[in-house]
Amino acid sequence: MNVVYKHILRFIVLTFLQALIFNQLNIGFGIHLMIQPLFIMLLPFELGVIPIMGLAFLMGLIIDVFSNTYGLNASALVLMAYLRPVVFKFYGPREGYDPLKEPTAHDMGTRWFSTVFGILLALHTFWYFLIEIFEFSRFFFILQKTILSGGLSFLLALLIQSFLLNRNQKK
Amino acid sequence: MRNLIAFLQRFRIFLVFALLQILAISWNVSYLNFPRSQYLTTTNDISIQVLEWEHDLTKHFNLSKNNTQLQWENIYWRKRQPKFMYQISRGKYKIEDTVFEQQYTYIPAEVINSSVTRRNNYFTINVGKLQGIKKGMGVFCHEGVVGVIHYASDHYSLVKTVLTKDINIDVSIQMKKSDLPGLLKWDGRNPRYGMITGINNDLRIKKWSKVVTRGGSGIFPKGLPVGKVSYTEPIEGQALWKVEILFSADYRSLQRVYIIKNLHLEEQEALEAQIPADEE
């Protein structure tokens, strides 16, 4: 039960961090920080794809409600949840993942975490801006937004992981 | 039947994925057509409560700047009031004005939640249907145009700002001096700059000339400031200018807005409803 509570806490904390703080930040250069992919990334290895997609849809819906984006976050998060097992399988160890471990930088190593999370976050961010802007003539603008926002969100996710979530684990 | 179940079993992950994606994207594409989907925006009861708590904390961030702006606006109007002016011709004649009649009235509101970095940016304000807000009313701040009401719930409403994709439908603009009409657009890059298209190449546009509202559809009065021309360039292969404007309002730190109520709008609409429909 402890594990379930931990993930519920993460869900609430990350959703409201995104909805109330990172949505309101205005850094400039069109950068939009997104922290919600971290929750999808940190769900346990043995959880099936369909529950993950359900959770992703729910989380995206809540963030959409708070930011008037009409299904944009839900779509991007569901895509990330769908591709998560594919990327995990590609970068996984030969004998499969240890069910006692969690997909965190602490358990699996920073290198593994940054590769897998980087790919998933890049796909999520690219899809988000592709649907949001929806003009294929402005492909480079989409790419620029993806690189800037994705890069900063990645650093932010690493920071949040090392400061907030590791402390949870020690308890 | 068994084959069908086997098929569903085999592709169930993809089917769930496709279902959720279709739900999300169809909502994103067609939210204008389904009024009920407006419930899932910041104007619903739960999210507005949370955002109000947040607003109570963050509203002080731009307070001194906003107060200074309001003070300047007060001075502006105070200077124009007859009772504060020196009267040159005393008691010679009395003016009973029947030439002018009030056409627009204004409702003050506060911005609860806003965004400027997305492709389509909406502001949530703290007045709603109970204060007489309806869909399609114009919104402005003292520096310039903000947008139109997109959806109104009982106590709150959603403003579609000029920082959206298809704002040219709602806000019609023109050059102040030459009365040239144009189409206002926003390309999603910078919340300070917008674009105007549809102005012919053979007409000259001066830099820093003012752009104001046209006031044709009765949403905005004529002559509300929108911005100033900051850059012009001929579009290659077309007889049109590409005009970039600097918005006169800074939407990033906006707090107080006014909603325009046109007292003559019903009359205008009743009149326009008498235009016979095209019969073909």
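Two residues are in contact if their C-beta atoms, placed from the backbone, lie within 7 Å. By that rule, residues 24 or more positions apart account for 59% of the contacts in chain B with a separation of 6 or more. In chain A, among contacts between residues at least 6 apart in sequence, 70% join residues at least 24 apart.

This is a predicted model, in which local features need pLDDT of at least 70, side-chain atom pairs count only at pLDDT 80 or more, and totals for chains, interfaces and linings use all residues. Residues are numbered from 1 along each chain as its sequence is written, while chains are lettered from A and ligands numbered from 1 in the order in which they are written.

**The two chains**

Helices (H or I, at least four residues) and strands (E, at least two) are DSSP runs, numbered from the N terminus. Chain A has seven helices and zero strands. Read from the N terminus, its elements run α-α-α-α-α-α-α. Chain B has five helices and 12 strands.

The radius of gyration of chain B is 24 Å, well over the 19 Å that the globule rule gives for 280 residues, so chain B is more spread out than a compact globule. Chain A has 16 Å, which agrees with the value near 16 Å for a compact globule of 171 residues. The radius is taken over C-alpha atoms, and the globule rule is 2.2 Å times the number of residues to the power 0.38.

The table also gives burial. A residue is buried if 20 or more other C-beta atoms lie within 10 Å of its own, exposed if 12 or fewer, and partly exposed in between; C-beta atoms are placed from the backbone.

| Chain | C-alpha span along principal axes | Buried residues |
|---|---|---|
| Chain A | about 45 × 35 × 30 Å | 37% of 171 residues |
| Chain B | about 100 × 55 × 45 Å | 31% of 280 residues |

**Barrels in chain B**

Two strands pair if DSSP finds at least two bridges between them. In chain B, six strands close into a barrel in the order β1-β2-β5-β4-β3-β12, with antiparallel pairing. The twist averages 45 degrees from one strand to the next. Axes here are lines fitted to C-alpha atoms, for helices over the stretch in contact, and angles run from 0 to 180 degrees between N-to-C directions.

Strand β1 (residues 104-113) of chain B pairs with β2 (residues 122-125) of chain B over two bridges, in the antiparallel sense. B:N113 has B:T124 in β2(B) as its bridge partner. Helix α3 (residues 45-58) of chain B lies across both β1 and β2 of chain B, at about 85 degrees to β1(B).

Six strands of chain B also close into a barrel in the order β6-β7-β8-β11-β10-β9, again antiparallel. Its neighbouring strands are turned by 40 degrees against each other on average, direction ignored. Three bridges join β7 (residues 181-185) of chain B and β8 (residues 193-200) of chain B in the antiparallel sense. Here B:L184 stands opposite B:I196 in β8(B).

**Where the chains meet**

The contact takes 25 residues from chain A and 26 residues from chain B. On the side of chain A that touches chain B, the elements giving two or more residues are α3 (49-67), α4 (72-91) and α6 (110-133) of chain A. The largest share, eight residues, comes from α3(A).

What kinds of residues make up this side of chain A? They divide into 14 nonpolar, nine polar and two charged. Ala, Val, Leu, Ile, Met, Phe, Trp, Tyr, Cys and Pro count as nonpolar, Asp, Glu, Lys and Arg as charged, and the others, Gly among them, as polar.
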